[in-house]
Amino acid sequence: MPQQCEVVRNCELCLGTGMEVVPGKGARRCCCRAESLQSNFAVSAQIPLRFAECTLQNYTPAQSNGSQLRALNLAYRLVKDYPAVERGLLFAGPVGVGKTHLSVAILRGLNEKGVCGLFYECGALLKAMQDSYGAASQISEANILAPVYDAEVLVLDELGATRPTDWARDAVMQIIGSRYNRKKLTVLTTNFFDTRRASDEEILSDRVGVRVRSRLREMCLTIVMDGSD
């Protein structure tokens, strides 16, 4: 299970609560929480080692690629405006254009503001859920999903990559539905688009179901990225 976000228990400003009271101004997130989160970012957010150093500053859009530049600008805006943000982002595009990089970079940028986030590759999450059903499992599905439901910000990578069985669609709907109902900010990546570019090409709703795609339209702004790997 992922480590939970923690505050510095001996902090003289917030006394371990994570919230500092400022006379005449009210309460604000204490700086100790941001420092603690930053030092353990990759571990607490479950960032894969390959993406551990991804930032908005070191993402380089391909030359003259307007879709990648737009994606970067919207990622910057989300981090800058949070928590005054009503929708997350859904990065859709082929392999190798930087969708996961930008998603992790958003988590890092929010982390620097003291926001606790979590990264999960969709297929790995569904596999963990399936494994929890085994008699020998030491962890329940509820234990796996609790941090996914509760994360202040969740990145769900490679949406639609898993073979679209009825169980997989229902499981994804369970996750997306919970975050939708609780108005939790979610950032997603996918290799599937909303329109067919060839008669035999699958679209995102084919992979995750119409219900999930409908929820995601309300939850996230879709950003279509293009370019070569």
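Predicted model: local features only at pLDDT ≥ 70, side-chain atom pairs only at ≥ 80, totals over all residues.
A cavity, on a 1 Å grid over the protein atoms alone, is a set of points where a 1.4 Å probe fits but cannot get out. A pocket is an open set with protein on both sides within 12 Å along at least five of seven lines, and lining residues have an atom within 4 Å of a point. Grid points are joined across faces, edges and corners, and a volume is the space filled by probe spheres set on the points.

Residues are numbered from 1 along each chain as its sequence is written, and side-chain values use heavy atoms, with hydrogens and water left out.

The cavity, then. The structure has one of 30 Å³ or more, and the space in the largest cavity is about 60 Å³. Its lining includes Cys122, Leu126, Gly160 and Arg207. Helices and strands here are DSSP runs numbered from the N terminus (helices H or I, at least four residues; strands E, at least two). Helix H7 gives the largest share of this lining, three residues.

Next, the largest pocket. This one holds about 340 Å³ of space. Sorted by class, the lining has seven charged, six nonpolar and two polar residues. Ala, Val, Leu, Ile, Met, Phe, Trp, Tyr, Cys and Pro count as nonpolar, Asp, Glu, Lys and Arg as charged, and the others, Gly among them, as polar.

Is Thr186 buried or exposed? Thr186 counts as buried because its relative accessibility is 1%, the limits being under 20% for buried, over 50% for exposed and partly exposed in between, with a 1.4 Å probe and protein chains only. Its side chain makes a polar contact with the side chain of Arg179 at 2.8 Å. Such a contact is a pair of N or O atoms within 3.5 Å; within protein, one must be able to donate a hydrogen and the other to accept it, and residues adjacent in sequence count only if both atoms are side-chain atoms.

Last, the cysteines. Cys220 is buried too, at 1%, and Cys54 is buried at 8%. The whole structure has zero disulfides (pairs of cysteine sulfur atoms within 2.5 Å).
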